Amino acid sequence: LIETTGLHSMEMINELLKSGLDNDDEPLVTQKLDLRAMLYDSIELLQFRAKEKNQEIIFESDNVAVMAEINHEKIWRVINNLIVNAIKFSYTGSKIKVGIKADGKNILIWVADNGVGIPAENKEIVFEMFTHAKRNGTQGEQPFGLGLSISKKIIELHSGKIWFEDNAGNGTVFFIRLPTEHQKE
């Protein structure tokens with residue numbers, strides 16, 4: 001668990017150091033993978049963090065493989081970032097819902113929390129690099145203002161879209177829509 005977390009942290013640091021410096025024409029190396037299994041593994045890996053705040057992560061899925069042409073490391077980073085954010089910005093004892101479904105052409109992934117939400121004045125800038133929209137988590141966890149910006153870039157590299165909506169009542173739901181096959185631009 002520590003080794004896996006450390007490796008993913010190093011990959012995120014490398015991604016940050018390369019962003020804006022690397023060649024945007026560099027081809028995205030992808031392979032056909034089960035996104036449902038990846039999501040499940042990510043949830044299992046992060047359950048310990050949720051338990052530290054007495055939270056529960058609920059996986060919403062119909063238990064069927066969801067295959068997509070993706071870059072494993074990059075999509076893993078996005079999924080982990082969204083779940084870690086949901087944990088960070090949710091209150092003690094709350095539930096976080098993570099789900100996936102496919103309709104043949106597209107895959108929809110969601111991460112829903114009942115946390116602090118995103119203030120109206122920050123809604124347009126949360127995906128910007130080094131945004132000033134960062135806030136501390138519900139137990140003072142430090143923000144970096146980078147994760148959503150990197151996530152957006154990764155999803156767009158996969159010809160997908162990432163966005164968020166207010167959760168009914170309070171909190172936020174982040175959505176990712178990916179094509180089942182990567183479209184070359």
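Helix α2 (residues 35–52) lies across β2, β4, β5 and β7 (172–179), and it runs at about 170 degrees to β2. Helix α3 (residues 72–89) packs on the sheet too, touching β2, β4, β5, β6 and β7, and its direction makes about 170 degrees with that of β7. Helices (H or I, at least four residues) and strands (E, at least two) are DSSP runs, numbered from the N terminus; angles run from 0 to 180 degrees between N-to-C directions, with axes as lines fitted to C-alpha atoms, for helices over the stretch in contact.

This is a predicted model, where local features need pLDDT of at least 70, side-chain atom pairs count only at pLDDT 80 or more, and totals for chains, interfaces and linings use all residues. Residues are numbered from 1 along each chain as its sequence is written, and side-chain values use heavy atoms, leaving out hydrogens and water.

As for the sheet itself, five strands form an open sheet in the order β2-β4-β5-β7-β6, with mixed pairing (two strands pair if DSSP finds at least two bridges between them). Strands β2 (56–60) and β6 (161–166) stand at the edges with a single partner each, so one side of each has no neighbour in the sheet. From one strand to the next, the twist averages 15 degrees. Strands β4 (residues 95–102) and β5 (residues 106–112) run antiparallel, joined by six bridges, and Ala102 stands opposite Ile107 in β5.

Then there is Gln55, in the loop between α2 and β2. Gln55 is buried, with a relative accessible area of 5% (buried means under 20%, exposed over 50%, partly exposed in between, with a 1.4 Å probe and protein chains only). Leaving aside neighbours within four places in sequence, the contacts of Gln55 include Ala50, Ile87, Tyr91 and Ile96 (contact means heavy atoms within 4.5 Å). The side chain of Gln55 also reaches the backbone oxygen of Ser90 at 3.1 Å.

Conventions:
Polar contact = N/O pair within 3.5 Å; in protein donor to acceptor, adjacent residues only side chain to side chain.
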